Amino acid sequence: MNKSKSKLIIGISSRALFNLDASHDIYKKSGVESYKQYQIENEENILEPGEAFPLVKKILNLNKFYDGEKRIEVILLSRNSSDTGLRIRNSIEEHNLDISRAAFCGGESPHRYVKDFGVHLFLSSSIEDVKLAIDSEVAAATIISSDSKSRNSDSTKEQLRIAFDGDAVIFSDESERIYHEKGLDAFIDNEKNATSPLKAGPFKNFLLELNKIQNDFDQDNCPIRTALVTARSAPSDKRVIKTLREWGVRIDESLFLGGMPKSDFLKSFDADIFFDDQKNNIIEASRELTSGHVPYGIKNKG
């Protein structure tokens with residue numbers, strides 16, 4: 001294993017990490033003071049895992065491949081105050097999560113600290129905070145809640161599997177805009193005739209940092225596996241392949257679906273999380289796995 005010196009840093013909100021539905025309902029119905037009183041009165045009652053909890057456990061588990069070196073870090077970024085956040089801190093300790101750094105922002109968005117902490121990916125239940133993080137050029141996604149009980153939320157497999165959509169996630173929405181404004185034929189003509197790589201989307205830098213961790217391992221024994229799951233098909237797939245080659249980015253699997261539904265393919269890939277800019281794709285996927293909506297690009301305007 002040829003270890004690099006990079007560190008992958010993930011920011012997580014408290015509501016994505018833990019199930020705070022009951023206390024959030026109190027906040028919405030009765031206000032800040034009632035919420036504060038409720039959290040203090042219940043600060044010894046340990047919170048149940050939230051949507052992103054299994055993912056965070058698996059991310060933190062990657063450090064065991066580094067003989068005690070902390071190469072992957074998770075940082076808590078919360079709208080709670082330190083006072084109301086004590087219950088969250090107690091829950092982190094009880095669940096034995098190696099999370100030591102945190103920002104408790106007293107009701108304001110924690111997005112302004114993502115760059116200070118060096119965060120490469122921010123996961124939150126707040127679309128407003130996610131949009132602000134993306135505006136700060138940090139990869140971010142809104143974790144979508146699901147009532148499904150069929151999801152395997154305690155997977156025993158060690159390998160972390162991450163699936164990405166292409167346009168408006170890894171790549172910019174430039175090509176998607178042409179499709180949206182001029183139709184499929186114009187989109188295909190543009191991709192066939194384009195000589196330059198696709199422009200970067202909000203997740204390019206995260207993918208580059210993820211690759212640095214992957215490159216520490218032989219490909220056959222890597223604890224992280226990635227997949228591109230895109231509606232593109234031939235001939236528009238060629239520009240994607242050439243762009244990733246130009247960036248020096250490795251994607252382990254590339255699925256060019258030509259508009260087919262993605263959920264069955266994500267299930268077959270056994271993804272731990274899937275990122276897409278289209279809300280309908282994320283809602284469908286969230287029935288089976290943790291899913292993150294990337295509110296970026298032409299599909300999320302207006």
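Colleague: Which helices and strands each supply at least two residues of the lining of the largest cavity?

Modeller: This is a predicted model, in which local features need pLDDT of at least 70 and side-chain atom pairs count only at pLDDT 80 or more, while totals for chains, interfaces and linings use all residues. Residues are numbered from 1 along each chain as its sequence is written, and side-chain values use heavy atoms, with hydrogens and water left out.

At least two lining residues come from each of strand S1 (8-12), helix H4 (53-61), strand S6 (160-164), H9 and strand S9 (273-276); helices (H or I, at least four residues) and strands (E, at least two) are DSSP runs, numbered from the N terminus. A cavity is a set of points on a 1 Å grid over the protein atoms alone where a 1.4 Å probe fits but cannot get out, and its lining residues have an atom within 4 Å of a point.

The lining includes Leu 8, Ile 10, Leu 55, Ile 59, Phe 206, Leu 210, Ile 273 and Phe 275, and it divides into 12 nonpolar residues, no polar and no charged, where Ala, Val, Leu, Ile, Met, Phe, Trp, Tyr, Cys and Pro count as nonpolar, Asp, Glu, Lys and Arg as charged, and the others, Gly among them, as polar.

Helix H9 (residues 204-214) is largely enclosed by the rest of the structure, because eight of its 11 residues are buried, that is, under 20% relative accessible area with a 1.4 Å probe, protein chains only. Among these buried residues are Phe 206 and Leu 210, both of which also line the largest cavity.

Note on methods. Buried means under 20% relative accessible area, exposed over 50%, partly exposed in between (1.4 Å probe, protein chains only). On a 1 Å grid over the protein atoms alone, a cavity is a set of points where a 1.4 Å probe fits but cannot get out, and a pocket is an open set with protein on both sides within 12 Å along at least five of seven lines; lining residues have an atom within 4 Å of a point.
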